[in-house]
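Please examine the structure shown below.

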Amino acid sequence: MEGAMDAIYKICEDIPEELDVDVPGLSERPINILIPRLLQLFQSPHAALRKLSLDSLNQFIVVMPTALFMSMDQYLQGLFALAHDSSADVRKLVCAAFVQLIEVRPSFLEPHLRNVIEYILQANKDPDDEVALEACEFW
């Protein structure tokens, strides 16, 4: 499963916009199928799958397809749930997501800004240097 998720991550990284197109023979755009499944993996017991699913979803923040826009509440809930993940890689990606969102779509974070700022301040003191460094990007 980790290998498959790594392949999906690479596709999301390389061609995120091509997943948001109509494909002959499919009833839905690939992204409409992919995003709910990636969000489900936020609850995986395997840190590698949580990391790859979050990293895959983060690739869509800048292009903001309708499927992610419509799932933004669930995505934000997932970010807050992963904010205190045992994996430093996951926490680093949570910080990266907040950084991208505040740059590209700050309106999504406005209702949660207090919690986001409190989290980023806490992440600045994370024992893992990479998490702390990524949190610094927020400012």
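In this predicted model, the axes of helix H1 (residues 2–14) and helix H3 (residues 47–58) come within 9 Å and cross at roughly 15 degrees. Helices (H or I, at least four residues) are DSSP runs numbered from the N terminus. Axes are lines fitted to C-alpha atoms over the stretch in contact, and angles run from 0 to 180 degrees between N-to-C directions.

**Packing of H1 and H3**
- The crossing angle makes H1 roughly parallel to H3 (angles under 35 degrees count as roughly parallel).
- Glu-2, Met-5, Asp-6, Ile-8, Tyr-9 and Cys-12 of H1 are in contact (heavy atoms within 4.5 Å) with Ala-48, Leu-49, Leu-52, Ser-53, Asp-55 and Ser-56 of H3.

**Confidence**
- The protein chain has a mean pLDDT (the predictor's confidence in each residue, from 0 to 100) of 96, and 100% of its residues reach 70 or more.

**Met-64**
- Met-64 lies in the loop between H3 and helix H4 (66–70).
- Its phi is near 40 degrees, a positive value in a residue other than glycine.
- Most residues other than glycine have a negative phi.
- Met-64 counts as buried (under 20% relative accessible area, with a 1.4 Å probe and protein chains only) because its relative accessibility is 8%.

**Basis of the values**
- Residues are numbered from 1 along each chain as its sequence is written, and side-chain values use heavy atoms, without hydrogens and water.
- Local features need pLDDT of at least 70 and side-chain atom pairs count only at pLDDT 80 or more, whereas totals for chains, interfaces and linings use all residues.

Technical notes. Helices (H or I, at least four residues) and strands (E, at least two) are DSSP runs, numbered from the N terminus. Angles under 35 degrees count as roughly parallel, over 145 as roughly antiparallel, 65 to 115 as roughly perpendicular and the rest as oblique. Buried means under 20% relative accessible area, exposed over 50%, partly exposed in between (1.4 Å probe, protein chains only).
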